[in-house]
Amino acid sequence: MGLEPPQRLTRVLGETYGDAAAAEWLGRLPDLARESLSLGEVEAERTVVPGGRSSLVILVRTAEGEPAALKIAPPFAAPERERDALAHWNGWGAVRLLAALRDGSLLLERLHPEVSLRSLPEAKALLEAAGIVRRLWVEPPADHSFESVTGRTEPMAGAMASWSADPVAGPLVAAALAAREELLAHSPETLLLHGCFRQGKVLGGDRAPWLAVGPEPLVGERAYDLARLVRDRVEDLVASSAGASAARRRVNRLADSLELDPERLRGWTLFRAVESATRALAAGRRQEGEVLLEFAGWL
């Protein structure tokens, strides 16, 4: 079978880590994949397409014939953090780590990559998502090396600041940066977070109906982790005549269901939406950026 990287992986790695670093690793990826298959003593069935945004995922079979998934990520994506988070959760609400290979690749429990919470009606998807993410919010290991919300968002804030003079994005950038400063000044929690939680990061499984995948783990408050989920299916919200009120209701409903301060959730949702918008604009994805700015303006 071919072990070429899916197009989405190639695009996102270049945008996130720079074209040079991405191209160097992607050039070595077919050989890395073959080495990982050998290390894991597994046989490849097929590559998952479109797959992940920071890794190659291959559906495999173990020597005993059991289904599994092999995840191969570049070192600059810090796969060791995902490894440590999955090991700490040990299958509680998340995909189970079967083995960590010495090249940094992860052998995982196989889920159903074609079935995510996005396949459910919106209300049901949000309900299931809330149940899953609640399980992930646990105390981190005492000797952990996960970055904090402060550390994760500092370079984001720096990049956003370059848009302060933009006539459209500027006012929202200012509001988002101010919200971050206020939120970090009085951060109430230090829990292990998924870091990139949304409907597409929860897949159907056999051991449990739904399990989270693809964490970008860090430690901090729950409201930060929930903020990305608030804007799921944002295109549907923007296309609706009641999108603005629906977005605000979603903030309140999620905050209420998970016992969070709705103002803290609103603030982190604003920050993360504007950060994603400016990053999309910088990458030339203008339509995506404008949709996210419209959403952020409703908050």
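Mentor: Begin with contact, which means heavy atoms within 4.5 Å. Helices (H or I, at least four residues) and strands (E, at least two) are DSSP runs, numbered from the N terminus. This is a predicted model, in which local features need pLDDT of at least 70, side-chain atom pairs count only at pLDDT 80 or more, and totals for chains, interfaces and linings use all residues. Residues are numbered from 1 along each chain as its sequence is written, and side-chain values use heavy atoms, with hydrogens and water left out.

Trainee: Which residues of H1 meet H2?

Mentor: Leu9, Thr10, Leu13, Gly14 and Tyr17 of H1 are in contact with Asp19, Ala21, Ala22, Trp25, Leu26 and Leu29 of H2. For geometry, axes are lines fitted to C-alpha atoms, for helices over the stretch in contact, and angles run from 0 to 180 degrees between N-to-C directions. The axes of H1 (residues 7-17) and H2 (residues 19-40) come within 7 Å and cross at roughly 145 degrees.

Trainee: How many bridges join S1 to S2?

Mentor: There are 5 bridges between S1 and the antiparallel S2 (residues 56-62). Thr47 stands opposite Ile58 in S2.

Trainee: What does the largest nonpolar core contain?

Mentor: In soluble globular proteins, nonpolar side chains tend to be buried together. A nonpolar core is a set of buried Ala, Val, Leu, Ile, Met, Phe, Trp, Tyr and Cys residues joined through side-chain atoms within 4.5 Å; buried means under 20% relative accessible area (1.4 Å probe, protein chains only). The largest core has 72 residues, and among those touching the most other members are Phe197, Leu226 and Trp268. Helix H10 (residues 262-282) gives the largest share of this core, 8 residues. A second, separate core of 19 residues includes Ala22, Leu29, Val42 and Leu107.

Note on methods:
Pairing = 2+ DSSP bridges. Buried < 20%, exposed > 50% of the residue type's maximum accessible area, 1.4 Å probe, protein only.
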